[in-house]
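Thank you all for coming.

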Amino acid sequence: MDGDTVLVDQGVYNENLIIQKNITLASHALFDDMSDWTGFAGEYYVNNDNVANTRLDGSSDTNGDNFQSTILINSPGDECIEPVIFGFTITGGGGTKATVDGEEKTLGGGILSNNALPKINYNFITNNNGDVEAGGLYQGGALNMGSGVDLGENVLGIRSNHLPC
C-alpha cells in the first residue's frame with residue numbers, strides 16, 4: 001500500500017521485484033548508524049552487517065525473460081512514484097528488455113528506474129549483468145530512464161540521467 005514500509009530481515013531473497021507504489025523497502029540498516037557503512041582496503045567493502053547480509057538476488061528470473069532486473073521501479077500510468085530502497089546488497093540481476101532509439105537493449109541489471117523518483121540509499125549494487133547500461137560501472141548495474149533519482153550513499157555501479165518524471 002502507498003506509504004508503507006517493508007522491513008526485510010537478513011537473508012538471501014531470490015527475487016526480481018517490480019515496485020509500482022510509494023513504499024519504503026528497507027533492511028534493518030534503517031536503524032543503524034551508517035556513517036562508516038563501507039570501507040576501502042584496495043577495493044570497497046561493506047562494513048555494515050545488515051547491508052552485507054540482506055541480499056536481493058535477481059538471478060532466479062522470477063518474472064520471466066523480459067524482466068530480469070533485481071529491482072524494476074516503474075510508475076503506472078501517468079503517476080510519478082517515489083519509493084525508497086535502503087540498505088541492501090543488490091546482485092544477480094540480468095536486466096530488463098527495453099527499446100531505446102529503436103534498438104532492443106537489456107538495461108538495469110541491479111536496478112532499473114523508469115518514470116519514477118526513487119531514493120536509493122546505502123546499497124551495495126554488485127555483480128549484475130546485461131548490456132553496457134545494465135551492468136554499469138564495475139557491473140553494479142543501475143540505470144535511470146526518464147527519472148530524477150536520488151542515489152544517496154551507494155558504493156558502486158550507478159548511472160543516472162537526473163531527469164524529472
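**Sheets, loops and confidence**

Let me begin with an open sheet of three strands, which are ordered E8-E12-E13 and pair in the antiparallel sense. Strand E8 (67–68) and E13 stand at the edges with a single partner strand each, so one side of each has no neighbour in the sheet. Please keep in mind throughout that what you see is a predicted model.

Within that sheet, strand E12, residues 95–100, and strand E13, residues 103–107, are joined by five bridges in the antiparallel sense. If you follow the pairing, you will find Lys97 with Thr106 of E13 as its bridge partner, and Thr99 standing opposite Glu104 in E13. Which residue in the turn of this hairpin has a positive phi? That is Asp101, at about 50 degrees, in a turn where two residues lie between E12 and E13.

Stepping back to the whole protein chain, we have two helices and 17 strands. Of the 165 residues in the protein chain, 46% count as buried. Its accessible surface comes to about 8000 Å², and carbon and sulfur atoms account for 44% of that. For contacts in the protein chain with a separation of 6 or more, 66% are between residues 24 or more positions apart.

Asp2, in the segment before strand E1 (5–8), is 19 residues from Lys21 in sequence, and the C-alpha to C-alpha distance between Asp2 and Lys21 is 5.5 Å. Leaving aside residues up to four places away in sequence, Asp2 touches Lys21 and Asn22. Asp2 counts as partly exposed because its relative accessibility is 45%, which falls between the cut-offs of 20% and 50%. The other residue is Asp49, which lies in helix H1, residues 49–53, and which is 38 residues from Gly87 in sequence, with 9.9 Å between their C-alpha atoms. Why does Asp49 count as exposed? Its relative accessibility is 56%, and the cut-off for exposed is over 50%.

I would also like to point out two asparagines in loops. Most residues other than glycine have a negative phi, and against that background Asn115 has a positive phi of about 55 degrees although it is not a glycine. Asn115 sits in the loop between strand E14 (111–114) and strand E15 (119–121), and it is partly exposed, with a relative accessible area of 24%. Asn127 also has a positive phi, near 55 degrees, and its loop runs between strand E16 (124–125) and helix H2 (132–135). At 52% relative accessibility, Asn127 counts as exposed.

On the surface, there is a nonpolar patch formed by Leu7, Leu30 and Phe31, with about 290 Å² of accessible area together. Of these, Leu30 is found in the loop between strand E4 (24–27) and strand E5 (38–40), and it counts as partly exposed at 35% relative accessibility.

Finally, a word on confidence. The mean pLDDT of the protein chain is 79, and 78% of its residues reach 70 or more. Over residues 144–151, however, pLDDT stays under 50, and the model has 46 contacts for them beyond four places in sequence. Residues 153–164 also have pLDDT below 50, with 47 contacts in the model beyond near neighbours in sequence. Where pLDDT is low, the predicted coordinates should not be read in detail.

Notes:
Residues are numbered from 1 along each chain as its sequence is written. This is a predicted model: local features need pLDDT of at least 70, side-chain atom pairs count only at pLDDT 80 or more; totals for chains, interfaces and linings use all residues. Side-chain values use heavy atoms; hydrogens and water are left out. Helices (H or I, at least four residues) and strands (E, at least two) are DSSP runs, numbered from the N terminus. Buried means under 20% relative accessible area, exposed over 50%, partly exposed in between (1.4 Å probe, protein chains only). Contact means heavy atoms within 4.5 Å. Accessible areas come from the Shrake-Rupley method with a 1.4 Å probe; for residues, only the protein chains shown count as cover. pLDDT is the predictor's confidence in each residue, from 0 to 100. Patches are made of residues with over 30% relative accessible area and no salt bridge: like charges are joined within 9 Å, nonpolar side chains (Val, Leu, Ile, Met, Phe, Trp, Tyr) within 5 Å. A salt bridge is a side-chain nitrogen of Lys or Arg within 4 Å of a carboxyl oxygen of Asp or Glu. Two strands pair if DSSP finds at least two bridges between them.
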